[in-house]
Amino acid sequence: MAEIIQGRRLGSSERVEFEYDPTGGNSYGIPPADREENLVRHHKRIAPEALAVVAPPRGNVVGLHASGQVTLFYGKSGRHAQSTLFHELWHYAENYMLTPDAREIVYAECRSQGDTWGSPYLDSDSERAARAFQHYAAARASGLQLTPARKGTAQAIFERLYEGTEHAAHLKRRRREKWEPVLSWVRPLAALAAAMAGVFGVPHFLF
């Protein structure tokens with residue numbers, strides 16, 4: 001059944017009245033799809049170690065990242081939730097996956113080029129970057145084939161994150177950090193052994 005909607009022209013206070021029929025087959029009347037496998041696929045590729053949770057709608061909050069958990073406040077985990085997922089996965093990545101240098105590249109670029117919203121929260125480096133990755137990832141998820149990014153740009157970091165390359169690099173760095181305490185005392189012993197071999201020669205029993 002059609003209803004009369006009262007609106008306002010964008011950028012002004014002029015009132016606009018129009019008829020809206022939710023059963024008329026327009027895009028607004030079509031129930032949102034619930035393809036959770038799409039969200040799962042992106043989550044597992046970008047940041048599989050993040051705990052992702054879908055929760056019932058709650059006020060004006062649609063997404064949240066805290067302590068490694070990404071929460072989507074949606075009744076259904078469909079296309080709108082996917083956009084929020086990308087936003088919150090950025091927050092996970094900036095806290096747990098990216099190097100400080102990579103974060104600063106993104107922050108600096110978004111800080112100098114992005115829209116200003118007049119809110120300390122929305123205009124923060126973290127939120128600017130999250131919105132930028134959200135839009136980039138949504139474009140990639142929609143099938144756009146973007147030009148490969150130049151190294152040292154925010155897009156290059158987004159590309160690595162979206163394609164899962166950054167996650168692989170993160171695991172590699174973590175493994176290296178895990179073994180660093182052992183290697184810190186193995187290296188001096190190896191250097192000492194090499195020096196002794198140079199002075200005394202390699203013992204015959206090593207052949």
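Modeller: A residue is buried at under 20% relative accessible area, exposed at over 50% and partly exposed in between (1.4 Å probe, protein chains only). This is a predicted model, where local features need pLDDT of at least 70, side-chain atom pairs count only at pLDDT 80 or more, and totals for chains, interfaces and linings use all residues. Residues are numbered from 1 along each chain as its sequence is written, and side-chain values use heavy atoms, with hydrogens and water left out.

Biologist: Why does Tyr 162 count as buried?

Modeller: Its relative accessibility is 7%. That is under the 20% limit, so Tyr 162 counts as buried. Tyr 136 is buried too, at 9%.

Biologist: What makes the Tyr 136 and Tyr 162 pair edge-to-face?

Modeller: Phe, Tyr and Trp rings (for Trp, the six-membered one) pair if their centres lie within 6.5 Å; planes under 30 degrees apart are stacked, over 60 edge-to-face, the rest tilted. Here the centres are 6.3 Å apart and the planes stand at 85°, so the pair is edge-to-face. Tyr 136 lies in helix 4 and Tyr 162 in helix 5, so the pair ties together parts 26 residues apart in sequence.

Biologist: How many aromatic pairs does this rule give?

Modeller: Eight. One of them joins Trp 90 to Phe 158, edge-to-face, with 5.5 Å centre to centre and 85° between the planes. Trp 90 is in helix 2 and Phe 158 in helix 5, so this pair ties together parts 68 residues apart in sequence. Both residues are buried. Ring pairs link Phe 86, Trp 90, Phe 133, Tyr 136, Phe 158 and Tyr 162 into a cluster.

Biologist: Why is helix 1 called roughly perpendicular to helix 5?

Modeller: Their axes come within 6 Å and cross at roughly 115°. Roughly perpendicular covers 65 to 115 degrees (under 35 is roughly parallel, over 145 roughly antiparallel, the rest oblique). So helix 1 is roughly perpendicular to helix 5.

Biologist: Which residues meet there?

Modeller: His 42, Arg 45 and Ile 46 in helix 1 meet Leu 161, Tyr 162 and Glu 163 in helix 5. By class, three are nonpolar, one is polar and two are charged.

Biologist: What makes a set of residues a nonpolar core?

Modeller: They must be buried Ala, Val, Leu, Ile, Met, Phe, Trp, Tyr or Cys, joined through side-chain atoms within 4.5 Å. The largest such core has 30 residues, with Ile 46, Trp 90, Val 106 and Phe 133 making the most contacts inside it. Helix 2 gives the most to this core, with seven residues.

Key
Helix = DSSP H or I, 4+ residues; strand = E, 2+ residues; numbered from the N terminus. Axes fitted to C-alpha atoms, helices over the stretch in contact; angles between N-to-C directions. Contact = heavy atoms within 4.5 Å. Nonpolar A, V, L, I, M, F, W, Y, C, P; charged D, E, K, R; others polar.
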